[in-house]
Amino acid sequence: IIAEVPKYFTPDGIKGICFEFRSSLPEIPHYKTLNCINNLVSFLLGNRLTYIGSSILAGNEIKEVILHSVSNKVNVKGNRNSMPPIKFNRQYDWGNFAWLMNNLLPVYLKLEGILSLNQVLSRYWIAKSIPVGSNLPVLANAIEILAAKYLKHTGKFKMENIPQNEYLNLIKEELETLTNKLAPLNGGNAMINKIKGANQKVPSEKITLFFSLLGIEVGKAEKAAINLRNKMAHSSRNYSDDDTAYDDLILTRVYEVLFNRVLLKLLGYDDYYIDYSVVNCPLKHITKRAGEE
């Protein structure tokens, strides 16, 4: 049972969520299962939950209580701006929180061992907690982990266009000629090594294939966000220009929404998401690109 904690149990400004397990279960779920539930609920609510304690009851009698200091573990101001990926409502199944948990949790538990979803979401929350200008490389790493593990699991991706031995044998004569010409030059060996490795696919091809297999079409704004990730990773951002700061903030939202689309798709969700990168945060079908009106 997932329920809101009565307000008189929590300090002002803090809302509590309770995970309750009944005696009908053979035993209290393993810590990893609890961690998966915590991560999925956090993702759906758009706000990372902080564990503050637990209790064991028998009938009306409390058998054991474990409580951590709320003031030391919870940043109240940092927990007020939730950004759930889905607009909750009771009109449709896809907006019903109970329906979402019943349908997405079994998939999450299955995929955690394959795709390291807990690790991926840890990077997602870290990226959301650090300043714009250094956040996107961390968020991109979360998607890179998903892509690498998903493609390895499905066997859909090989890093070589053709096997290395076959490639080197194919260009043997040309390589000998180029080696004689390039080796004496400054940086010549580096150029030769690049030629030898030209049969290798670049990392961006892995991400592109991953999106394609999920049925996610990447739009112009999402491509710009991915490009901004590369700029952040390889150079510092100068925010003395307000327009630059604003543009980077919008593209950060685009990348966050792209992550939401990817994770929801992996979990089997195929309905509507919230696009926080567009004015008024419209609902869009998950096949629709983020950052576009």
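Which residues does L266 touch, not counting residues up to four places away in sequence? In this predicted model, L266 touches V107, L111, L115, L146, Y150, F210 and L214 once residues up to four places away in sequence are set aside. L266 belongs to the largest nonpolar core, a set of 60 residues, and is listed with L146, F210, F259 and V262 among the residues that have the most contacts inside that core. At least two residues of this core are supplied by each of α1, α3, α4, α5, α9 (203–214), α10 (220–234), α11 and β5 (272–274). Apart from this core lies another, of five residues, which include Y167, I171, L175 and L182. In soluble globular proteins, nonpolar side chains tend to be buried together.

Just after α1, G46 adopts a positive phi of about 75°.

Helix α4, which covers residues 117–129, has 13 residues and reaches 18 Å from its first C-alpha to its last, a value close to the 18 Å expected at 1.5 Å a residue. Within α4, the residues L117, N118, V120, L121, Y124, W125 and A127 are buried. The elements against which the buried residues of α4 pack are α1 (31–45), α3 (97–115), α5 (136–154) and α11 (242–266). Two packed helices are described by the angle between their axes and the distance between the axes. For α3 and α4, the axes come within 7 Å and cross at roughly 85°. Because angles of 65 to 115 degrees count as roughly perpendicular, α3 is described as roughly perpendicular to α4. The contact between these helices is made by Y108, L111, E112 and L115 on the side of α3, and by L117, N118, V120 and L121 on the side of α4. Of the α3 residues in this contact, L111 and L115 are also touched by L266.

A140 lies in helix α5 and has a relative accessible area of 2%, so it is classed as buried. Not counting residues up to four places away in sequence, A140 touches R229 and Y255. E222, for its part, lies in helix α10, and it counts as buried because its relative accessibility is 0%. When its neighbours within four places in sequence are left aside, E222 is in contact with E217, V254, L258, R261, R289 and A290.

A contrasting picture is given by the strands β3 and β4. Strand β3 (residues 53–58) is joined to β4 by six bridges, and the two strands run antiparallel. Along this pairing, G53 stands opposite L67 in β4, while A58 stands opposite E61 in β4. The two strands form a hairpin with two residues between them, and G59 in the turn has a positive phi of about 65°. Strand β4 (residues 61–67) is hardly covered, since the count of buried residues among its seven residues is zero. In a regular strand the side chains alternate between the two faces of the sheet.

N280, which is not a glycine, has a positive phi of about 75° and lies in the loop between β5 and β6 (283–285). With a relative accessibility of 71%, which is over the 50% cut-off, N280 counts as exposed. C281, likewise not a glycine, has a positive phi of about 45° and lies in the loop between β5 and β6. At a relative accessible area of 35%, C281 is partly exposed.

Technical notes
Residues are numbered from 1 along each chain as its sequence is written. This is a predicted model: local features need pLDDT of at least 70, side-chain atom pairs count only at pLDDT 80 or more; totals for chains, interfaces and linings use all residues. Side-chain values use heavy atoms; hydrogens and water are left out. Helices (H or I, at least four residues) and strands (E, at least two) are DSSP runs, numbered from the N terminus. The expected span of a helix is 1.5 Å times one less than its number of residues. Buried means under 20% relative accessible area, exposed over 50%, partly exposed in between (1.4 Å probe, protein chains only). Contact means heavy atoms within 4.5 Å. A nonpolar core is a set of buried Ala, Val, Leu, Ile, Met, Phe, Trp, Tyr and Cys residues joined through side-chain atoms within 4.5 Å. Two strands pair if DSSP finds at least two bridges between them. Axes are lines fitted to C-alpha atoms, for helices over the stretch in contact, and angles run from 0 to 180 degrees between N-to-C directions. Angles under 35 degrees count as roughly parallel, over 145 as roughly antiparallel, 65 to 115 as roughly perpendicular and the rest as oblique.
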